[in-house]
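Reader: Can you walk me through this one? Keep it quick.
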Amino acid sequence: MNYNAPHRHATIELSQAAVVHNLKVIKANAHAKEIMAVLKANAFSHGLPEMAALSVKAGATRFGMAMLDEALALRDLGYTEPIDVLGLTDPTYVRLAAERNITLAFSTKKSLLTAAKQLSGTNLSLKVSLPVDTGLNRIGFKNHDDLVAAIKVVSAEKTLIFQSLWTHFATADTPNVDYVDFQVSEWQRLTYNLPAKPNETHFANTGIATWYPEKINTDIVRLGIGLFGINGSDPTMPMPFELIPVLSLKVEVVNSKPIKAGEAVGYGVTFRAPQDGYLITMPIGHSDGYPFNASGMRVLMADGQVGHIAGGVAMDQSMAFVENPVPVGMMVTLIGSVGDETITMEELADYTQCNIVPLMNDFSPRLQRIIVP
Ligand SMILES: *Cc1c(COP(=O)(O)O)cnc(C)c1O
């Protein structure tokens, strides 16, 4: 079953101008040489094929993905740029990565030995990245001797190429500068006097590139959330420059009818029309990533009216109350701008009391994606 829904009018618009702007301002702020577009999880649910195309057009020279399958999906789309898998991969699958020039991360000497074994007797070689765990405590080498031993394996194995050494920060998008400093000092301690040098190192995510670019080398930025124009740390960490949200969410009215003051709407009849008016039905629900508990949230009609979600959002459909009649087929903007009115993802997250990061990552493949200038 293919979960695209090209015959339903519920669409994510992705702004090319926004991607270009976000990449440019973050790259300039960090004085970065290269942007690795981190497009994991279907490009933060925005849509991998579209965001890969937009990122490359905007100047990204490489990609970061969470897992081997996502990297293979990008290769299947035809991209030949370097791809880093940023999570760990079962080393018995390394041939798939080596065949398609995908860089894999390893956290133990044992997994490197297993990887080398898969490639022995082939003419394949694998680019290897070694994450250093400086304090996130997720993956990577936490101990200098283990790192040295791993690098010796990579150097000794003809099939393995020592591509990169890198780390990831735990508080780059928070005011906790002390922990950033701690991780920098851990990096220096753990990578002091190693037996071989990698081809490259990389450290910066959006947070480092935005708030702490002076703390560490930012030649290569692994750019995730900022590319999409979202400040995941709002309001604790105001942006030092403006980002533009890439995503707008738009649907067309599928049903429209008058409703009388006091009439109930939706499952559980939790909403009653506040006055005589009109009720529209929209082809979008919480299975599409629009929040379940958005009753009362603003929606923007193409004719300039502002409607409000009426009752609980159902799985595939939702209703909104408007004062004046609306024809079937009228565009409704759930995230984005109509005239002077804007609904941001931040506003929707605040309204539904959910964190913006899971909200931005949860749009369903059922929504059509289109690129707008
Ligand atoms: C997800 C991820 C990124 C991107 O981080 P953002 O904060 O979204 O920019 C960078 N590096 C690694 C290792 C990641 O897992």
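Author: First, a term. A residue is near a molecule if one of its heavy atoms lies within 4 Å of it. Also, this is a predicted model: local features need pLDDT of at least 70, side-chain atom pairs count only at pLDDT 80 or more, and totals for chains, interfaces and linings use all residues. Residues are numbered from 1 along each chain as its sequence is written, and side-chain values use heavy atoms, with hydrogens and water left out.

Reader: Which residues are around the ligand?
Author: Val38, Lys40, Phe44, Leu86, Arg138, Trp166, His168, Asn205, Thr206, Arg222, Gly224 and Ile225.

Reader: OK, new topic. What does the UniProt annotation "binding site" cover?
Author: Arg138 and Met315, according to the unreviewed UniProt entry. Such annotations may be inferred rather than shown by experiment.

Reader: Why do they not all gather at one spot?
Author: They span 178 residues in sequence and their farthest two C-alpha atoms are 34.5 Å apart, so they do not all gather at one spot.

Reader: And where is Arg138 found?
Author: In the loop between strand E6 (126–131) and helix H7 (144–156). Helices (at least four residues) and strands (at least two) are DSSP runs, numbered from the N terminus.
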